[in-house]
Amino acid sequence: MTALVVGVGLTGRSLASHLLELGEEVLAIDSRQSPPMAEKMPPVEIWRGEDFRLWPASRFKQFTRVALSAGVSPADVAAPLETITGDAELFTEAWRMHKPLTTLLAVTGTNGKSSTTAMTVHLCKMAGDTAEAVGNIGEPLLDAFWRWKKSEFPAVVAAELSSFQLQTAAGFNSDAAVVLNVSDDHLDRHGDLSSYAKTKARIYKSARTAAANGDDPLVLSMSLPEKKRVFAINNPAADWTMRDNIVIGGDLRLAIADMSMAAAQQPENVLAALSLMDVAGLKPVGKGLENFIGLPHRRQVIKSGWGLTFIDDSKATNVSAACAALYEMSAKTVLIAGGDGKGQDFKPLAQTARGRVRLVCLIGKDAPLLKSAFAAESVATLNADDMDDAVSKAVVAAKTGDAVLLSPACSSLDMFDDYRARAAAFARAARAVGE
């Protein structure tokens, strides 16, 4: 019997390598004729241009496991439910068998996952522990597991998990888990906000302890482990909160003024990281927040020149993330937005943009939907053919002192390989201004 890997991308390569390590025979399939990782796959047979959505259930029954890449929805395969798996579930299976002496933290949410994961690891290192961030933030879970198994496991692992990964995870077996927030995102895959929230809530199912956002009613309505810490900016009764721009939790007091700009701009993520460490039994420390530099593609200044500041927020792949970026802007802004909107409502973005944005340059598949939403709020827009055209039009429209902000509110996959490729295109165009 053979295991089937569906999707020949980064996760698909990781899945195939893992299953081979377990001694299983593996077949990989992809609907694309030229899958992105085909040349870097381990020695397995690959069927290209194979539309698995058309396979009948009987065809899947020949496989012991059907391992789905994160980009493949379980709804698109007719395989028996008990055979469907993914990298988060296989990681949990391997972790339970090996039982390393490592504190495993799990992070999910609509916004702030990567920043909170990176901040948690940074703080753990500042406290003297070896710590690594894996999963949706970078290195695939299973790749990291085998690297550690063949050398040494760190003291702390923080795993960022997407809703796509959680769809195929029966229960991620963590020492502490956190759902940061839940708002409209990936509704094209999950159907509605309720289903999306239920998928996010799966991270708590097998968690020993939990941190939870007390400012988010959807998170508080989830079934949480008995041992938990609640963090909230707007609730002084929470375990971790803020008062007069000071973070308060247990005996710790941290002034926002003493933090780096990257940390000070995301107080909710600071609270989340500290409460997650707290509930997991890791001593939260303030040391480190003064030099936390943040993540690439998350409100990152690319260039200042010609009277303009170019800011890369390509990781803002949903409306709420783009709204948060606009709230933080102190300068008048020319916004570059668009891509695949994944069924979101763009009205909140348009309302946030009113009075803050001089012009919106629209790119990608859902530019017409965005244009309609901005028009309803009397926000000016221009269509752009590509990123170079968008930056060029933004520069013409901007005035001295303005910011040119790439905060797309959409997925990048209609035009780019991923949000990093989108950011690279923006950076190239921005750096060419004035040359």
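Two strands are said to pair if DSSP finds at least two bridges between them, and this tour uses that idea while moving through a predicted model.

Begin by selecting strand S18 (residues 357-363) together with strand S19 (381-383), which run parallel and are joined by three bridges. Within this pair, look for leucine 362, which stands opposite asparagine 383 in S19.

Now widen the selection to the open sheet around them, where six strands follow the order S15-S16-S20-S17-S18-S19 with mixed pairing. At its edges you will find strand S15 (300-305) and strand S19, each of which pairs on one side only. If you compare neighbouring strands of this sheet, they are turned by 20° against each other on average, with direction ignored.

Helix H14 (residues 367-376) lies across S17, S18 and S19, and runs at about 160° to S18, while helix H15 (residues 387-397) lies across S16, S17, S18, S19 and S20, running at about 165° to S18.

Leave that sheet and select strands S10 (residues 209-213) and S11 (residues 228-232), which pair in the parallel sense over four bridges, with alanine 210 standing opposite lysine 228 in S11. Strand S12 (residues 240-243) runs parallel to S11 and is joined to S11 by two bridges; here alanine 232 stands opposite threonine 241 in S12.

Finally, select helix H1 (residues 10-21) and helix H5 (residues 141-149), whose axes come within 8 Å and cross at roughly 40°, which makes H1 oblique to H5. Show the side chains of Arg13, Ser14, Leu15, His18 and Glu21 in H1, which meet Leu142, Asp143 and Trp146 in H5; the residues of this contact divide into three nonpolar, two polar and three charged.

Technical notes
Residues are numbered from 1 along each chain as its sequence is written. This is a predicted model: local features need pLDDT of at least 70, side-chain atom pairs count only at pLDDT 80 or more; totals for chains, interfaces and linings use all residues. Side-chain values use heavy atoms; hydrogens and water are left out. Axes are lines fitted to C-alpha atoms, for helices over the stretch in contact, and angles run from 0 to 180 degrees between N-to-C directions. Angles under 35 degrees count as roughly parallel, over 145 as roughly antiparallel, 65 to 115 as roughly perpendicular and the rest as oblique. Contact means heavy atoms within 4.5 Å. Ala, Val, Leu, Ile, Met, Phe, Trp, Tyr, Cys and Pro count as nonpolar, Asp, Glu, Lys and Arg as charged, and the others, Gly among them, as polar.
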